[in-house]
Amino acid sequence: LDGHPDGQTSIRSLDEARRQAEGCRRCDLWANATRTVFGEGPPSVEGATAEGATAEWTAAEWTAGGPRLMLVGEQPGDREDRAGHPFVGPAGAVLNRALAEAGIDRARVYLTNAVKHFKNEPRGKRRLHRRPDAGEIDRCRWWLELERRFVRPQVIVALGASAARALTGHAVTISRVRGRVLTLDATGVAPAARLLVTTHPSYILRQRDDDARRRILEAMITDLVLAARQK
Ligand code: URA
């Protein structure tokens, strides 16, 4: 796994990580993507420099005085690739609804993806989205670890299997771990956190059946509420 196994990094702030990620060539996905889509969070996070910075962040800037919460998706889609922001397309609309129903203000969480480039395999003029493979997820862990380092989330929610792999370092079966509060160990540069694994919003979009869609959305909302209630 390609994080920061030696525990060393010369990158000193979230801002610097974001700037360096713009030119990332750690895997080949940059070639067919428009831009790197990095994570985003409350204003205080943007200035995060080192571990100590967190102490100055007011609880009010996070989930209703709850934990510092990080949500990790899979990768930017077509819309995110064009806009340069995570979760602004159809999956983002589902996520927004789930967050609203869970009483979580999206502006107060740090939202990012396991993979920072859109996996676009163009066919003619069409932009075809493909899921990132394990190698791409593992290479991009480099950035996710830096986000964890500077944001220092107390609770991380993995939206789907790619995020769960990026965070735990191994393949995860969502149905086996969903809804349980797990412990995520510290890595070379990232501190430990609690981890909740839940469904990816796109999975809800793919359901044909209204009942199934509602049931899976409800389970996701329950997971988000549990995450936001952690201290
Ligand atoms: N799906 C994701 O996993 N992330 C996004 O940012 C958009 C869609």
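Trainee: How many residues surround the ligand, and which are the closest?

Mentor: The ligand is surrounded by 13 residues, and the closest of them are G73, E74, G77, P86 and A91. A residue counts as near a molecule or strand if its C-beta atom, placed from the backbone, lies within 6 Å of that molecule or strand. The model is predicted: local features need pLDDT of at least 70, side-chain atom pairs count only at pLDDT 80 or more, and totals for chains, interfaces and linings use all residues. Residue numbers start from 1 along each chain as its sequence is written.

Trainee: How does the shell around the ligand divide by class?

Mentor: Ala, Val, Leu, Ile, Met, Phe, Trp, Tyr, Cys and Pro count as nonpolar, Asp, Glu, Lys and Arg as charged, and the others, Gly among them, as polar. On that basis the shell holds four nonpolar, seven polar and two charged residues.

Trainee: Let us turn to helix packing. At what angle do the axes of α1 and α5 cross?

Mentor: Two packed helices are described by the angle between their axes and the distance between the axes. The axes are lines fitted to C-alpha atoms, for helices over the stretch in contact, and the angles run from 0 to 180 degrees between N-to-C directions. Helices (H or I, at least four residues) and strands (E, at least two) are DSSP runs numbered from the N terminus. Here α1 (residues 14-21) and α5 (residues 134-151) have axes that come within 9 Å and cross at roughly 165 degrees. The pair is therefore roughly antiparallel; angles under 35 degrees count as roughly parallel, over 145 as roughly antiparallel, 65 to 115 as roughly perpendicular and the rest as oblique.

Trainee: Is the crossing of α1 and α5 left-handed or right-handed?

Mentor: A crossing is left-handed if the near helix is turned anticlockwise from the far one by less than a right angle, and right-handed if clockwise. The passage of α1 across α5 is left-handed. Two residues are in contact if their C-beta atoms, placed from the backbone, lie within 7 Å. L14, A17 and A21 of α1 meet W143, L146, E147, F150 and V151 of α5. These contact residues comprise seven nonpolar, no polar and one charged.

Trainee: How do α5 and α6 pack, and which residues make the contact?

Mentor: Helix α6 spans residues 161-168, and its axis comes within 9 Å of that of α5, with a crossing at roughly 60 degrees. The two helices are therefore oblique to each other, and the crossing is right-handed. From α5 the contact draws on A134, I137, C140, R141 and L144, and from α6 on S162, R165 and A166. Five of these residues are nonpolar, one is polar and two are charged.

Trainee: How many residues of α6 are buried, and against which elements do they pack?

Mentor: A residue is buried if 20 or more other C-beta atoms lie within 10 Å of its own, exposed if 12 or fewer, and partly exposed in between, with C-beta atoms placed from the backbone. Helix α6 is mostly covered, with seven of its eight residues buried. The buried residues of α6 pack against β1, α5, β3, α7 (174-177), β4 (181-184) and β5 (193-198). G169, which follows α6, has a positive phi near 85 degrees.

Trainee: At what angle do α4 and α9 pack?

Mentor: Helix α4 and helix α9 (residues 210-229) pack at about 55 degrees, with axes 9 Å apart. They are therefore oblique to each other. Their crossing is right-handed. In the contact, A98, L99 and E101 of α4 meet L217, M220, I221 and L224 of α9, giving six nonpolar, no polar and one charged residues.

Trainee: What is the phi of F87, and what is that of R152?

Mentor: Most residues other than glycine have a negative phi, and most peptide bonds are trans. F87 has a positive phi, near 50 degrees, and R152 likewise has a positive phi near 50 degrees. F87 lies in the loop between α3 (78-83) and α4 (90-101) and is buried, with 27 other C-beta atoms within 10 Å. R152 lies in the loop between α5 and β3 (155-159) and is buried because 22 C-beta neighbours lie inside 10 Å.

Trainee: Is G7 buried or exposed?

Mentor: G7, in the segment before α1, counts as exposed because 11 C-beta neighbours lie inside 10 Å. The C-alpha atoms of G7 and G188 are 3.7 Å apart, although the two residues are 181 residues apart in sequence.
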